[in-house]
Amino acid sequence: MKKPDISLWWITIAVIVLIVIPVVTKSPILRESVFLILLYMTLALSLNIILGYTGYVSFGHIVYYGIGGYVTFSLIYFYGINLIVAMIIGGLFAAAIAYSLGQAILKLRGAYFAIATIGVNEAVKALVNNLDAIGGAEGLYFNIKVYNAYGGAENAIWLSYYLMSALIIITLIVNWYIKKSKFGLGLMAIREDEDAAIILGVDTRKYKSLAYMLSALFPGIAGGIFFFKNGNIEPENAFHLVKSIEMIFMVMLGGFGTVTGPVLGALVYERIRGLLLINPLFKNLHIAISGVVLLLIVLFMPSGIIGYVREKIAKIRRYIE
Amino acid sequence: MILKVENVTKRFGGLVALNKVSFTLEKGEILGIIGPNGAGKTTLFNVICGVYSPEEGRIIFSDVDITGLPPFKITRLGIARTHQVVKPLNDLTVKENVMVGACFGKSYMGLEDAEKIAEGVLDTVGLKERSELLAGKLNVPEKKRLELARALASQPTLLLLDEVLAGLNPLEVSKMLEVIRKIRDNGVTIMMIEHLMHAIMNVSDRIIVLDYGAKIAEGKPEEVANNPKVIEAYLGDPDLALKLLKKEG
């Protein structure tokens, strides 16, 4: 296994610094915005595994966030299972679903795969809408007493914050190791030319399934943490297709197939969104503006910010992955 | 005997692309495959590599029946190929392209060993200076050499070359032939499809001629070149063709 080098260290430290700021200042407002940024970073980095490295545009990727959220929430709601155990089960469940669905939809390529993933998201949403056992369309709400097991609501929120912090660091390190490993090389071969990859000896089916599974695991856990903290889960929030598009946007903005790109993309996107949302003129237009920006990126900077920088400045490539 | 193809038939709908083709290949041989366009040469390669599985017949490679195995398993048993239409992994560097071949080929090695192998192979095919460039930036002759390098890096015992000489100028052709001979001298058995007659006649130990999916001739280059059936397949009129061939010398 390759030893971590500077290209992993600095970005990890940068993220840790971001995590520490609200802890030091004890500011709930800062904590809330950093929590969202960390969530977005986790989602973007997860999507990067299947979109960036493997080249499969998973358009409905938010489905795994929703599945993980629902599993975690239900385990706590119905059985009082501890959050950490529940969220891991939620993540593994999402990954298992991704693996089995992958056996069917990963045979599709290009736009057909993208459309199939949207279909999966909508189908799961419709299913949950009609599953009265887990709240149907109205969803589930925690009783405030649920948080007593974690030392009260305030502590539970901080716990969620720390868990999300741990998750983003793990996701980041996993992303880096994938990129630097034989597994990653195989994925990138699939991205560039799947027919060539299989002739070169890459077990494309196995690799794609593994990549898809991994890219569902972290959003599943993230969904668990988010909806625990939220205290409520409903199909419209959990399987919100716009969030899927936002994930793609963050990966493309930062630079797909890079490690730093999705992190930066998530940060920039959350800031832009925040600024637009508090501006009375733009608050209903932020998705439209994001759409225009995405179009411009695809047209003029298809490799994203980090990809662009790496292309232009060869010397920097060793330091930025 | 390294490869045995037995009565292989491959159909696409009503079209018989390969019709009961049989032949064997000895270790260390260079076998040339020729035939007019659409004769089934590339289909033959695709069937051997596992891209298509044949409707009838068997393919035995080093005493293993590989009929119908998926391509990646066949590659790991030791068959590598190049493509007629090059398939570079554009956004990876030249070296990374070759490393893919080394990593997932017969030796199935780790990244560090693969990097060493890649450097050696790139030196052999003369792409060493290009190794850090993105593969998409290479010109066509260089991409052809990259195809070859990638296939070699997997350390195959049987190498299938699909028109590696097409589009090269005479100097590049003779260089490539040198490389091919060197590969054979290292103990790799080679099957090659080629349209450049003088080149393939020159380098092959034996030649098989396909026409409309069937094997119409087999033998030493000079025997095949003078076989009226072969000449007819290529040019229609055997007498005229013979004259032309003699003129070319």
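Modeller: Two strands pair if DSSP finds at least two bridges between them, and strands are DSSP runs (E, at least two residues), just as helices are runs of H or I with at least four, numbered from the N terminus. This is a predicted model, in which local features need pLDDT of at least 70, side-chain atom pairs count only at pLDDT 80 or more, and totals for chains, interfaces and linings use all residues. Residues are numbered from 1 along each chain as its sequence is written, while chains are lettered from A and ligands numbered from 1 in the order in which they are written.

Biologist: What is the strand order of the open sheet in chain B, and which strands stand at the edges?

Modeller: The six strands follow the order β6-β7-β8-β3-β9-β10 of chain B, with mixed pairing. β6 and β10 of chain B are the edges because each has a single partner strand, so one side of each lacks a neighbour in the sheet.

Biologist: How do you know that β9(B) pairs with β3(B) and with β10(B)?

Modeller: At least two bridges are required; β3(B) and β9(B) run parallel and are joined by four, with B:Ile34 partnered by B:Val209, whereas β9(B) and β10(B) are antiparallel over five bridges, with B:Ile208 opposite B:Glu218.

Biologist: What makes β9(B) mostly covered?

Modeller: A residue is buried if 20 or more other C-beta atoms, placed from the backbone, lie within 10 Å of its own, exposed if 12 or fewer, and partly exposed in between; five of the six residues in β9(B) are buried.
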